[in-house]
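Me: I would like to learn how to read a ligand shell and a nonpolar core. Please go through them in turn.

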Amino acid sequence: MIKRLLQRTCSNLLAKTCAAACAGLLICAWPGSPLQAQTPTPPQARPGEAAVLSLGGRLYDNHWAVLGRQPPPERHPRFPTEVEIAPEATWRCVACHGWDYRGAEGHLGTRSASPILKSLADVRGMDPQEIVARMSAPPHREMTTPIPGDLLLLLARFLSAGQHDMGALMNAEGNATGDPMRGKDIYEGTCIRCHQADGKAPLYGEAGDKSSLGWIARNRPAQAVHKIRNGAPLADMLSLRFIDTDSLAGLLAYLQRLDPPR
Ligand code: HEC
Ligand code: HEC
């Protein structure tokens, strides 16, 4: 009950500090932690793998927002100058590594070929402790020092086990390969209440986003998939990591047909 309440409050837009507290709770209580060893808890009190990975995904999206902190106001000195972006946004993991986790080898490659936009493909399946060591080594250390150690490990677990394979959901052009009728059922049963039938309920997600799920799914499919699987920091968005790949591909296909361009 307490956890349910915390999770509900956690997703409340206004509850920044609670989000940090909730993050702490999830980590303290995850399997194998000292808290687990001391307290015999019923299974529902223990956050599952999907919840842990989704929280890692939200940290990857914007750890500043999740932790209720402010990024440095100036542009990151190593961030490629040719990419137009708000200076403070250059301090988010996703800015350099991308919504598809492939940096300049993936979708970010259309904006810059800089090696600073590094792919994270190599750390998939890697021991999370090794990932923490890699991202805490200089000069990258400046990225990770603002993040408490437990949360860094959680981010590493996400990078090891939580990256999704875009190729299983869409073709090289970004067109979803799933069955839109399957997606329609999910959309009408789950999403419509917040996003409206046309997907055009107001959105303030990322700079340049249109308030249209159809537009976002067509133009920024990897961003849409990341947020569908992990939720959005500080917003009342769901995290649907538990749905299978075919259903997710179908959902994306349906979203891409919403609000079609005229
Ligand atoms: C300004 C761009 C930038 C940002 C922001 C950034 N990184 Fe990186 N990241 C890099 C670069 C460049 C490398 C390669 C090592 C280096 O030059 O520091 C790297 C390396 C890594 C590696 C090791 C990859 C490997 O194959 O060894 C991991 C893991 C990683 N980053 C995760 C993160 C996470 C998590 C965040 C957010 C907390 C983050 N990065 C933020 C640019 C960035
Ligand atoms: C309880 C309300 C709620 C439900 C249900 C919900 N969402 Fe969301 N969703 C949100 C909110 C709030 C945001 C963040 C909006 C913002 O950033 O301004 C969001 C963000 C998103 C985004 C990211 C938009 C962007 O700008 O990057 C996508 C994609 C999305 N939702 C898809 C879905 C899908 C698909 C479903 C159904 C499976 C769904 N949502 C269900 C509330 C909801």
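Reply: Start with residue classes: Ala, Val, Leu, Ile, Met, Phe, Trp, Tyr, Cys and Pro count as nonpolar, Asp, Glu, Lys and Arg as charged, and the others, Gly among them, as polar. By these classes, the shell around ligand 2 holds 16 nonpolar, 4 polar and 5 charged residues. This is a predicted model, where local features need pLDDT of at least 70, side-chain atom pairs count only at pLDDT 80 or more, and totals for chains, interfaces and linings use all residues. Residues are numbered from 1 along each chain as its sequence is written, while chains are lettered from A and ligands numbered from 1 in the order in which they are written.

Me: Which residues are the closest to ligand 2?

Reply: A residue is near a molecule if its C-beta atom, placed from the backbone, lies within 6 Å of it. Here 25 residues surround ligand 2, and the closest are Cys 191, Cys 194, Gly 205, Ala 235 and Met 237.

Me: Which element gives the most to that shell?

Reply: Helices are DSSP runs (H or I, at least four residues), numbered from the N terminus. α9 gives the most, with 6 residues.

Me: Which residues touch the most other members of the largest nonpolar core?

Reply: Such a core is a set of buried Ala, Val, Leu, Ile, Met, Phe, Trp, Tyr and Cys residues joined through C-beta atoms within 7 Å. Among its 48 residues, they are Leu 155, Leu 169, Leu 252 and Leu 255.

Terms used: Buried ≥ 20, exposed ≤ 12 C-beta atoms within 10 Å, placed from the backbone. Helix = DSSP H or I, 4+ residues; strand = E, 2+ residues; numbered from the N terminus.
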